[in-house]
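Below is a walk through one predicted model. The account begins with charged side chains and then turns to a strand.

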Amino acid sequence: MPDQRMAYCTILSTNYLAKALTLADTLQRHHPGARLTVLVIDSPDAAQLAGVRRDGVDVVGTDVLGLPHRDVLRLATIYDLVEFATAVKPLLLKGLLQGADQAAYLDPDTYVTSPMTELSPALEATEGGILLTPHFLEPVPPDAELQETHLLTVGVYNLGFCAVDRRALPFLDWWWGHLVDECLWEPLSGLFVDQKWCDIGSVMFRAGAWQHRGYNVSVTNLHERPLMLDGEGFGFVGHPDRLRLFHFHAFDTAAPTELSTRLASSTAHLRTEGTAIDALCREYAAALVEHERSLPAAAPYPYATDARGRTISRHLRRAWRIQAGDLPEGADPLPSPFLAEEADAFEAWRRRALKTEARELAGDVMKSARLAFPDEYGRLRKRFPQVADAVRGRVFRPGGIWK
């Protein structure tokens with residue numbers, strides 16, 4: 001890990017390297033001498049990525065996390081790509097703090113537009129050494145692209161950016177203690193990868209909710225932060241803050257009229273209604289295309305399939321996670337789907353896991369029914385209490401309101 005006052009990092013799979021290099025270019029442009037550590041989760045080490053050489057960029061593999069390789073494969077088994085990439089965030093930040101006073105995480109699809117001069121002082125001013133950016137800073141108008149109810153699903157803070165210093169080490173350990181098993185996109189359990197946990201951790205570890213408008217600006221909050229372009233660069237209409245970091249959620253150079261391809265409806269109107277946002281998108285697209293052309297085509301995500309090329313479904317990952325967690329201490333681990341020498345054992349386990357998959361699916365159906373038909377669910381449970389208790393005991397695992 002490089003020694004520096006503020007260490008910057010991002011996490012991705014190989015197919016996002018062009019975006020990370022674009023981020024690195026803008027970081028160097030506005031912070032000469034800064035270094036960006038790029039953790040590639042689908043590479044055990046940086047050897048196979050040695051050809052990706054850029055000034056100010058340190059490309060590393062999962063070996064820097066300090067985990068045994070078997071533990072890394074476990075994370076790759078229980079999590080999909082996004083869950084895996086977000087789960088190891090506290091480990092990478094903690095590693096960077098060994099050689100730096102402060103560390104900032106930036107999603108690979110963020111873009112630095114001006115010097116982040118207030119970042120270090122703002123972090124120092126927090127009580128707990130943690131700086132987070134809320135999605136919204138003001139009440140949301142009725143015609144906004146996303147409403148406040150969206151935060152009940154994804155959390156108050158956008159973890160596409162965060163900054164910590166060494167006072168945050170207990171927080172990083174607590175955060176990792178949950179993400180090692182519970183960095184899940186599972187709405188029925190109230191989980192949205194790493195973000196919902198920070199709603200809790202921000203209170204317990206006294207994080208600062210940053211009110212600066214220029215960080216983590218995206219399609220989700222443009223309604224409160226309308227961009228303008230003047231002789232000094234990008235700023236905000238009617239507000240003195242300047243744009244520092246723009247977060248391009250699901251920006252696709254193959255869809256040049258869209259700001260984001262993630263929303264259910266088109267975002268093309270956001271480009272045509274504001275010349276500043278359109279200019280920013282064009283600038284970003286030109287830089288991104290240049291890096292896309294310079295890099296070889298990315299291989300498919302290796303942890304999407306097992307050693308025999310069969311897709312690993314979310315239900316199968318869930319079953320593996322549950323059964324691995326239920327193993328008694330000292331028992332042999334479950335076979336890994338990614339090791340050729342364990343392919344036969346994993347295939348045999350896969351057939352046996354159908355029962356666990358079916359039970360968990362039935363539990364989700366019951367949870368959904370309880371939420372969708374609360375009155376009917378209550379009447380049935382009151383009328384047939386023994387049956388209800390028996391069914392619940394078979395399909396609900398202990399935890400929260402579903403206990």
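A salt bridge here is a side-chain nitrogen of Lys or Arg within 4 Å of a carboxyl oxygen of Asp or Glu. By that criterion R5, D101, E124 and R166 are linked in a network. The whole structure holds 24 salt bridges.

E124 is partly exposed at 43% relative accessibility, and R5 is partly exposed at 40%.

Another salt bridge joins E127 and R206, at 3.4 Å, N to O. E127 sits in the loop between α5 and β6 and R206 in the loop between α8 and β10, 79 residues apart. E127 is exposed, at 58%, while R206 is partly exposed, at 40%.

A local case is found in helix α12 (residues 343–352), where E347 and R351 lie four residues apart, about one turn of the helix. Their side chains form a salt bridge at 3.8 Å, N to O. E347 is buried at 14% relative accessible area, whereas R351 is exposed at 53%.

Now to strand β6 (residues 130–134), in which five of five residues are buried. In a regular strand, side chains alternate between the two faces of the sheet. In β6, I130, L132 and P134 are buried on one side, and L131 and T133 on the other. Four bridges join β6 to the antiparallel strand β7 (residues 157–165), with I130 opposite V164. Two bridges join β6 to the parallel strand β10 (residues 208–209), where L132 has A209 as its bridge partner.

Notes: Residues numbered from 1 in each chain as written. Predicted model: local features only at pLDDT ≥ 70, side-chain atom pairs only at ≥ 80, totals over all residues. Heavy atoms only, no water. Buried < 20%, exposed > 50% of the residue type's maximum accessible area, 1.4 Å probe, protein only. Pairing = 2+ DSSP bridges.
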